[in-house]
Amino acid sequence: QSFCSLPAAGLFRRALMASGWCTIESDPGVFSELITELGVKGVQVHELWSLDKESMAEVGPVHGLIFLFRWRGEKDDRATVTPGPGVFFASQMIPNACATQAILSVLMNCPSISLGEEMTAFKAFTKDFPPDVKGLAISNSDLLRRVHNSFARAEPTVSEERRASKEEDEVYHFISYVPVDGKLYELDGLKAGPICLGDAGPGEAWLDAVTPAIQARIEQYSSREIRFNLMAVTADRRERLLAEQAVIEKERNMTVGKVQARAGKLPSPAELERLAASHPEPPATGEVAVDERTLEQLLIALAHLTARAAKVAADIENEQQRVGQWKIENIRRRHNYAPFIVNFLKVLAERGELGPLVEQAKKKQRHGAR
């Protein structure tokens, strides 16, 4: 059933009856694949270990930040604002949905992101909804719930009731920080509205503005809590590297042609390395035309272009390996290992090896306790 045929009351009833949302791991591989499965293109997530400019520059253009902290339900006297027409803000209407809501808070508030057909339609449909009805729309989205719950860990021996009672003393919550229309906002679905943190500034200046807000939140709990997690929602680094590689290869091929036309042969790899090490990199061809360069300048440019091409190729390979490792880890997260473990224990028992192994483990445990 489409959202358009459901009034607000119907959305609320469906939210109450809808299947639950699981807790998902705060992991860049999980969040990146979740975003991709929603149909969003050219976006990935990176874990940040520092808020310094070097760390931000390394991950590339940052669309928004997602912060995970232990929620204690403490009073927050900061004033909230009414969301403007350009701000997507949704109240959290169902437990455990805060991870996906934090992701949506970034995706929906960044016009440069290619949302894909489903999320573009969802954004358009909920555009004029108040925050609570936006939250109900999220709760009732089959796509959002299915993708979110696909990252549930397989724990067949733990009931939902036992898991809930086990985890109720340690509740973690995701919030987002995003620049929208020149202002910096903290978006928390458990609040009545967005919290405006001031001017965002031009470009990525908002990252300088958000740093004190995140540090203040960490310091607020630092005496009692050290478990925090900060992730950046960024442009896909592979796409940026591939675009950079295309530009380098175009200039390098042009330079190779000029060198061959004038010198007849190309320097060896060792000679190119020596040239790159002993001469500064010349300006790009946009600043000085290739035809205006001397042979020596062409050789120096070729040496640096070759070095840059090798570095970008290595960076692309590293990114491909990282994404590949994320896929493997996500497959392992979703896989139910219980049948294998049960059958493995049965085989050990049939062979008479299980008992001695259990006794050996108990002995190690006793020695470790001492």
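Me: Before the labels, what are the ground rules?
Reply: It's a predicted model, so local features need pLDDT of at least 70 and side-chain atom pairs count only at pLDDT 80 or more, while totals for chains, interfaces and linings use all residues. Residues are numbered from 1 along each chain as its sequence is written, and side-chain values use heavy atoms, with hydrogens and water left out.

Me: What makes up the secondary structure of the protein?
Reply: There are 14 helices and 6 strands. Helices (H or I, at least four residues) and strands (E, at least two) are DSSP runs, numbered from the N terminus.

Me: Why does Glu-319 count as buried?
Reply: Buried means under 20% relative accessible area (exposed is over 50%, partly exposed in between, with a 1.4 Å probe and protein chains only). Glu-319 sits at 1% relative accessibility, so it counts as buried. You'll find Glu-319 in helix H12, residues 295-334.

Me: What makes the link between Glu-319 and Arg-237 a polar contact?
Reply: The term needs a pair of N or O atoms within 3.5 Å; within protein, one must be able to donate a hydrogen and the other to accept it, and residues adjacent in sequence count only if both atoms are side-chain atoms. The side chains of Glu-319 and Arg-237 make theirs at 3.1 Å. Contact in general means heavy atoms within 4.5 Å. Leaving aside neighbours within four places in sequence, Glu-319 has such contacts with Gln-44, His-46, Arg-237, Arg-238 and Leu-241.

Me: Why is Tyr-185 called buried?
Reply: Because its relative accessibility is 12%, Tyr-185 counts as buried. Tyr-185 belongs to strand E4, residues 183-187. Val-87 is 98 residues away from Tyr-185 in sequence, yet their C-alpha atoms are 9.1 Å apart. Val-87 is also among the contacts of Tyr-185, which include Val-81, Ser-176 and Pro-194.

Me: How do you know which strands pair in the sheet?
Reply: Two strands pair if DSSP finds at least two bridges between them. E1 and E6 are joined by 6 bridges, E2 and E6 by 6 bridges, and E2 (residues 62-70) pairs with E3 (residues 172-180) over 6 bridges. The open sheet has 6 strands in the order E1-E6-E2-E3-E4-E5, with antiparallel pairing.

Me: What makes E1 and E5 the edges?
Reply: Strand E1 (43-48) and strand E5 (195-199) each have a single partner strand, so one side of each lacks a neighbour in the sheet.

Me: Which residues face each other across those bridges?
Reply: Leu-68 has Phe-174 in E3 as its bridge partner, and Leu-48 has Leu-230 in E6. Leu-65 stands opposite Ala-232 in E6.

Me: Why is E6 called largely enclosed?
Reply: 7 of the 7 residues of E6 are buried, so the rest of the structure largely encloses E6. For the protein as a whole, buried residues make up 39% of the 370 residues.

Me: Which residues of H2 and H4 meet?
Reply: In H2, Phe-31, Leu-34 and Ile-35 meet Ala-99, Thr-100, Ile-103 and Leu-107 of H4. By class, that contact has 6 nonpolar, 1 polar and no charged residues. Here Ala, Val, Leu, Ile, Met, Phe, Trp, Tyr, Cys and Pro count as nonpolar, Asp, Glu, Lys and Arg as charged, and the others, Gly among them, as polar.
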